[in-house]
Amino acid sequence: MPVAATAHQPLPLNPLALRLGHLGLLPFVIGAALVWLVGGRDAEAHAWISFALSAYAALIISFLGGIYWGLGFRQVEASAQPFVWGVLPSLGAWVALVMPAYAGLVLHGVMLIVCYLVDRRLYPALGAAAWLTLRFRLSAVAALCCFLAAAGS
């Protein structure tokens, strides 16, 4: 039976989650590379690749907000903070998704950094501090890919 975390026990790192987290970087890396490789040679493909990367970034940012709902459900003493913060990344990601790619991808990159900074502040109190190293690595690569793709859009 899996070990559940309580308010006093931190969430353990899951090896499968670590591997899947790293695999989740593939669309960021491949998308950013394709934006630059396709360049101006095929405007339709370039636009599609930029949008696909932006859509994936929006999904991941929404996922990062959704984690707070799960952490909020674990709280012994109810607090609105994780639930309120949990919806804000989705709203920002949606705005970035409907922007032109060169601007939206920059906003996605900024949001990935902001989400990490919020996580650094809130994860320890919610028992998830052990995940911060992974979050930093994943966020740094994903944000960099968004910035690089924005520069190539």
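Mentor: We can start with the whole chain and then turn to a few residues, bearing in mind throughout that this is a predicted model.

Trainee: Okay, how many helices and strands are there in the protein chain?
Mentor: The protein chain has six helices and zero strands, and, read from the N terminus, the elements run α-α-α-α-α-α.

Trainee: And what does the C-alpha trace span along its principal axes?
Mentor: Along those axes the C-alpha trace of the protein chain spans about 55 × 30 × 20 Å. The protein chain exposes about 8700 Å², of which carbon and sulfur atoms supply 75%, while buried residues account for 38% of the 153 residues.

Trainee: What about contacts between residues at least 6 apart in sequence, what share of those join residues at least 24 apart?
Mentor: For the protein chain that share is 70%.

Trainee: Changing topic, how many positive and negative side chains are there?
Mentor: There are 7 positive and 4 negative side chains in the protein chain, and the centres of these two sets lie 14 Å apart.

Trainee: Since it's a prediction, what pLDDT does the protein chain average?
Mentor: The average pLDDT is 90, and 93% of the residues score at least 70. I would still point you to residues 1-8, where pLDDT stays under 50 and for which the model has seven contacts beyond four places in sequence.

Trainee: Let's zoom in, then. Where does S50 lie, and is it buried or exposed?
Mentor: S50 lies in helix α3, which covers residues 43-73, and S50 counts as buried because its relative accessible area is 3%, with the cut-off for buried being under 20%.

Trainee: Which residues does S50 touch?
Mentor: Leaving out residues up to four places away in sequence, S50 touches V35, A101, L105 and S153. With S153 there is also a polar contact of 3.3 Å that joins the two side chains.

Trainee: Where's S139, and why does S139 count as buried?
Mentor: S139 sits in helix α6, residues 132-152, and S139 counts as buried because its relative accessible area is 5%, which is under 20%. Not counting residues up to four places away in sequence, S139 touches L112 and Y116.

Trainee: Back to helix α3 for a second, because I also clicked on Y68. Is Y68 buried or exposed?
Mentor: Y68, which lies in helix α3, has a relative accessibility of 0% and therefore counts as buried. Beyond residues up to four places away in sequence, Y68 touches P82, W85, G86, V118, D119, L122, Y123 and L126.

Trainee: How far apart are Y68 and L13?
Mentor: Y68 and L13 are 55 residues apart in sequence, and in space they are 17 Å apart, C-alpha to C-alpha.

Trainee: Last one, P12. Where is the place of P12?
Mentor: P12 is in the segment before α1, a helix that takes in residues 15-23. P12 counts as partly exposed because its relative accessibility is 45%.

Trainee: And how far is P12 from V29?
Mentor: P12 and V29 are 17 residues apart in sequence and 28 Å apart in space, again taken from C-alpha to C-alpha.

Technical notes: Residues are numbered from 1 along each chain as its sequence is written. This is a predicted model: local features need pLDDT of at least 70, side-chain atom pairs count only at pLDDT 80 or more; totals for chains, interfaces and linings use all residues. Side-chain values use heavy atoms; hydrogens and water are left out. Helices (H or I, at least four residues) and strands (E, at least two) are DSSP runs, numbered from the N terminus. Buried means under 20% relative accessible area, exposed over 50%, partly exposed in between (1.4 Å probe, protein chains only). Contact means heavy atoms within 4.5 Å. Accessible areas come from the Shrake-Rupley method with a 1.4 Å probe; for residues, only the protein chains shown count as cover. Lys and Arg count as positive and Asp and Glu as negative; His and the chain ends are not counted. The place of a charge is taken as NZ of Lys, CZ of Arg, CG of Asp or CD of Glu. A polar contact is a pair of N or O atoms within 3.5 Å; within protein, one must be able to donate a hydrogen and the other to accept it, and residues adjacent in sequence count only if both atoms are side-chain atoms. pLDDT is the predictor's confidence in each residue, from 0 to 100.
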